[in-house]
Amino acid sequence: MTNDKANISTEEDQTDAVARRKSGEFVRGVSGFRDQIGDADFPAEPGRYHLFVALNCPWCHRVILARNVLGLQNSISMDVAFPNRTGEDDPAGAGLWEFSPDRVASLTGETLPECTRETATGENFRVAKDIYRAEGASEQSVPILYDKKTKRIVNNESAEIIRMLDRHAEALGSGLAGDQRPSLYPEDEALREQIDELNALVYTNINNGAYKAGFSSDQVVYQKAYEAYFETLTDLNELLSDGRPFLTGDKFTEADLRLFPTLYRHDPVYYVRMKLNGAKILDYPYVWQWLCRAYALDGVAESGSLTHCRQGYFGRSWNNVVPLGPFTPMAYPDAYHHPELARF
């Protein structure tokens, strides 16, 4: 990804990042591992690669979506972290992603069955930061695309991971025949231009915009992000009002995949947690119908967990009490099976 538009859709401008953070603006950092499957060191092979993810993380969600809709569940293994990070009293430090299947969620009072131990490195690391430390790095984020053969991190930038999974799906061992497998970034320059433009808009105003609204401590920054978020939802609703099933037309592409994780979280989580309480996705009827249409695709529903999202976003703040709603017009994610709930 070398052109400016692709960069805008992948990572935030880091100009004066330190000063901006001090002033109260949330500024997302840049991922440090940027190798590619298909490089000489990382050939595309079935069973070789592994993902470290957290189901509450929207950046992980897009990677899991790609893995599942491309039919790579059986050829790319995966470990799932607990949705809340380590606390101040943890010997490894606070704020770290932890592979701890025995940890109990405050929302359910039980362990979360999707959570796993770390199984790819051979070291049984408890925290994701140790996977980075093994390579002399100080990062601690997920997702991580990992090579089990060389015991090396390949990439930790979600936008690039989804692109390479799509490019090499067949060689990586997809269980779907070519005519059954979506092409997320098709070999059509005009369509790619549309996808790139949508990616830039959605990343800036929706994906990262939700975090800028939710985690910035400056009112002006929050208001700018809030307004851009809802203006973009209005634009997307207008785009979809012509009857197209997906953002660029008849086919589900990378543009749809990258929008989905944020809007999946909006009504049940971000409306409250990210202070994005201007409207529900239900109030954008064509966007709601698109969301339900995407949710119905093979592999999509099992790619996320609102239990993990609620636990992750509320369980380490807000006095560790997780809101139980919304329950009207019905509970989520059941509502995503009902496009007729759209508020026209």
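**Close-up views of a two-domain model**

**View A. One salt bridge spans the two domains.** Between domain 1 and domain 2 the count is 1 salt bridge. A salt bridge here is a side-chain nitrogen of Lys or Arg within 4 Å of a carboxyl oxygen of Asp or Glu. Arg163 pairs with Glu254, with 2.7 Å between the closest N and O atoms. The model is predicted: local features need pLDDT of at least 70, side-chain atom pairs count only at pLDDT 80 or more, and totals for chains, interfaces and linings use all residues. Residues are numbered from 1 along each chain as its sequence is written, and side-chain values use heavy atoms, with hydrogens and water left out.

View B. Domain 1 covers 27-168 and domain 2 covers 189-341 in the domain assignment, with bounds from an automatic or database assignment. Their C-alpha centres are 23 Å apart. In contact (heavy atoms within 4.5 Å) are 28 residues of domain 1 and 34 residues of domain 2. The two domains bury about 2600 Å² between them, 59% of it on carbon and sulfur atoms. Buried area is the accessible area (1.4 Å probe) that two parts lose on being put together, summed over both. His61, Leu65 and Leu107 lose the most area on the domain 1 side, together 22% of what that side buries.

**View C. Polar contacts and the domain 1 face.** Across the interface, 11 residue pairs are in polar contact, both residues at pLDDT 80 or more. A polar contact is a pair of N or O atoms within 3.5 Å; within protein, one must be able to donate a hydrogen and the other to accept it, and residues adjacent in sequence count only if both atoms are side-chain atoms. On the side of domain 1 that touches domain 2, α3 (58-69) and α5 (158-167) are the elements that give two or more residues. Helix α3 supplies the largest share, 9 residues. Helices are DSSP runs (H or I, at least four residues), numbered from the N terminus. This side of domain 1 divides into 17 nonpolar, 6 polar and 5 charged residues. Nonpolar takes in Ala, Val, Leu, Ile, Met, Phe, Trp, Tyr, Cys and Pro; charged is Asp, Glu, Lys and Arg; the others, Gly among them, are polar.

**View D. Three further salt bridges.** The structure holds 13 salt bridges. Side chains of opposite charge can pair when their charged atoms come close. Arg103 and Glu98 meet at 2.8 Å, N to O. Buried means under 20% relative accessible area, exposed over 50%, partly exposed in between (1.4 Å probe, protein chains only). Arg103, at 23%, is partly exposed; Glu98, at 8%, is buried. Arg133 and Asp130 meet at 2.6 Å, N to O. Both lie in helix α4 (residues 128-133), 3 residues apart, about one turn of the helix. Arg133 is partly exposed at 40%. Glu187 and Arg192 form a salt bridge at 3.4 Å, N to O. Glu187 is exposed at 74%, whereas Arg192 is buried at 18%. Elsewhere, salt bridges that share partners join Asp90, Glu98, Arg103 and Arg126 into one network.

**View E. Helix α9 is mostly covered.** In α9 (residues 285-295), 8 of 11 residues are buried. These are Pro285, Val287, Trp288, Trp290, Leu291, Cys292, Ala294 and Tyr295. Helices α7 (219-240) and α8 (254-273) are among what covers the buried residues of α9.
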